[in-house]
Amino acid sequence: MARRKLVAGNWKMNGSRAALAELDAIAAAAKSAKGVDVAMAVPFTLIAPAAERVPGLAIGAEDVHDRDSGAHTGCVSAGMVKEAGASFTIVGHSERRADQGETSQDAWAKAAAAHRSGLHVILCCGETEAERNAGRAERVVQAQIEKSVPDNADGSWFTLAYEPRWAIGTGRTPTVEDIASIHAIARAKLRMLIGDAADEVRILYGGSVTGENAATLLAVENVDGALVGGASLTAEKFVPIIEAAARL
């Protein structure tokens, strides 16, 4: 089935109120790209001013806590980011798994909490370089999906993102064949878990996506868009990815 492309950015721990000026051109490009959805996840401190500045652009959080409230100093709940103006959140990002020791069970709990609060969820999965070199990439991704995807997931609120950890910020990407293989396996695993609803779930590719390689990557079967890190920080680098998606 035809799924509408989604190009989502993730500023990570970058940005300032002054940097929000970059969103003006990004929002304009998103408006022009009629067949593409565009979203931007920004640091918690920028959600409210970003949502106010570009009300036509989907603004999201880079993470949420798995509890709705409580004694969790320094954490931010899904309800809080929604109140600030977020319409979606990213959970299970490889950097959270690697740097904060998060597990697939944590990603599942965060996805469920975000859905309870009415947020769209982008859930990430992906192998390390050591796991790929050992021939375990497919098994790792399948296991992460099995443990992370809520039973009631469907395309109306849930998106999956495959991001090989070794490709993030390195300028390296898997081969087109490898991406096609993992995305097909991810789609099949989703079907096992949620049945026909899997056909409506978008699966994004993330990892060193640029304006130069976007057209090639987004044309791969079962690649329904991109999750973009470094190239999302400026309109100069992000807009060409939106435009590449719009041409498909």
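Predicted model: local features only at pLDDT ≥ 70, side-chain atom pairs only at ≥ 80, totals over all residues.

Entry 1, the strand. I looked up burial along strand E5, residues 120–125, and found that six of its six residues are buried, which I record as a mostly covered strand. I then checked which way the side chains point: His120, Ile122 and Cys124 face one way from E5, while Val121, Leu123 and Cys125 face the other way, and both sets are buried.

Entry 2, the strand partners. I asked which strands pair with E5, and found that strand E4, residues 88–91, runs parallel to E5 and is joined to it by four bridges, with Phe88 having His120 as its bridge partner in E5. I also found strand E6, residues 158–162, parallel to E5 and joined to it by five bridges; here the bridge partner of Ile122 is Thr159.

I looked up helix H7, residues 137–148, whose 12 residues reach 16 Å from first C-alpha to last, close to the 16 Å expected at 1.5 Å a residue. Its buried residues are Ala137, Val140, Val141, Gln144, Ile145 and Ser148. These residues cover an arc of only 130° around the axis, which puts them on the same side of H7. I noted beside this that an α-helix has 3.6 residues a turn, so residues three or four places apart point the same way.

I listed what the buried residues of H7 pack against, and the list holds E5 and E6 together with helices H4 (94–99), H5 (104–116), H6 (129–133) and H8 (176–194).

Notes: Residues numbered from 1 in each chain as written. Heavy atoms only, no water. Buried < 20%, exposed > 50% of the residue type's maximum accessible area, 1.4 Å probe, protein only. Pairing = 2+ DSSP bridges. Expected span 1.5 Å × (residues − 1). Arc of directions from axis to C-beta. Contact = heavy atoms within 4.5 Å.
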